[in-house]
Amino acid sequence: MTKSGSERRKHQRLPLSIPVFVRGIDQDGKEFLEFATALNISAGGILLATRRSLPRSTNLALEIPVSPLPPNSITPQSVRSLKARLVRITHGERCHLLGLKFHRPLHETSRPAKGKIASA
């Protein structure tokens with residue numbers, strides 16, 4: 001008996017709809033910046049709706065805008081950057097659905113590199 005897609009997943013998905021900027025290199029070797037919408041996200045990956053079709057295994061950089069925070073907040077960044085690889089694409093008439101796997105799960109992206117101490 002084979003497992004369904006949801007049973008094979010390591011991480012639970014969170015359905016949402018947020019803007020994401022996608023940076024990468026297209027089939028012609030040209031850099032691009034594309035506006036996309038995240039449809040769901042988990043610690044291991046993200047599903048994006050975009051107008052651009054890309055080949056599988058394409059490496060991408062995602063930039064997720066973060067709302068402005070007060071000056072004394074913990075995270076001063078205004079953009080969250082993540083690296084991912086395209087593992088699945090579904091072609092549609094109006095958009096393409098890109099299934100991306102993060103290079104590192106989200107719960108590992110905020111940890112300091114080994115041997116380094118994070119400053120408070």
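Author: Let us begin with L47, which stands opposite G99 in β6. Please keep in mind throughout that this is a predicted model.

Reader: In what sense do β3 and strand β6 pair, and over how many bridges?

Author: The general idea is that two strands count as paired if at least two bridges are found between them. Here β3 and β6, the latter covering residues 96–102, pair in the antiparallel sense over six bridges.

Reader: Which residue is the bridge partner of N40 in β3?

Author: That partner is L47, the residue that also stands opposite G99 in β6. The strands β2 and β3 pair in the antiparallel sense over four bridges, and they form a hairpin with three residues between them.

Reader: How many residues of β3 are buried?

Author: To read burial, we call a residue buried when its relative accessible area is under 20%. Six of the six residues of β3 are buried, so this strand is largely enclosed by the rest of the structure. As for β6, five of its seven residues are buried, and the strand is mostly covered.

Reader: Which residues of β3 point one way, and which the other way?

Author: In a regular strand the side chains alternate between the two faces of the sheet. In β3, G45, L47 and A49 point one way, while I46, L48 and T50 point the other way, and all of them are buried.

Reader: How many salt bridges does a search of the whole structure find?

Author: The idea is to look for a side-chain nitrogen of Lys or Arg within 4 Å of a carboxyl oxygen of Asp or Glu. The search of the whole structure finds two salt bridges. One of them joins E63 with R23, with the closest N and O atoms 2.7 Å apart. Because E63 lies in strand β4 and R23 in strand β1, the pair ties together parts that are 40 residues apart in sequence. R23 counts as partly exposed, at 38% relative accessibility.

Reader: Where do R52 and E34 lie?

Author: The side chains of R52 and E34 meet in a salt bridge, at 3.2 Å from N to O. R52 lies in the loop between β3 and β4 and E34 in strand β2, so this pair ties together parts that are 18 residues apart in sequence. R52 is partly exposed, with a relative accessible area of 25%, whereas E34 is buried, with a value of 12%.

Reader: What else lies in the loop between β3 and β4?

Author: Among its residues are P55 and R56.

Reader: Why does R56 count as exposed?

Author: A residue is called exposed when its relative accessible area is over 50%, and R56 counts as exposed because its relative accessibility is 60%. Together with K10, R85 and K101, R56 gathers in a patch of positive charge on the surface.

Technical notes. Residues numbered from 1 in each chain as written. Predicted model: local features only at pLDDT ≥ 70, side-chain atom pairs only at ≥ 80, totals over all residues. Heavy atoms only, no water. Patch = residues over 30% accessible without salt bridge, like charges linked within 9 Å, V, L, I, M, F, W, Y side chains within 5 Å. Areas by Shrake-Rupley, 256 points an atom, 1.4 Å probe, with all protein chains shown as cover. Lys, Arg positive; Asp, Glu negative; His and termini not counted. Charge placed at Lys NZ, Arg CZ, Asp CG, Glu CD. Helix = DSSP H or I, 4+ residues; strand = E, 2+ residues; numbered from the N terminus. Buried < 20%, exposed > 50% of the residue type's maximum accessible area, 1.4 Å probe, protein only.
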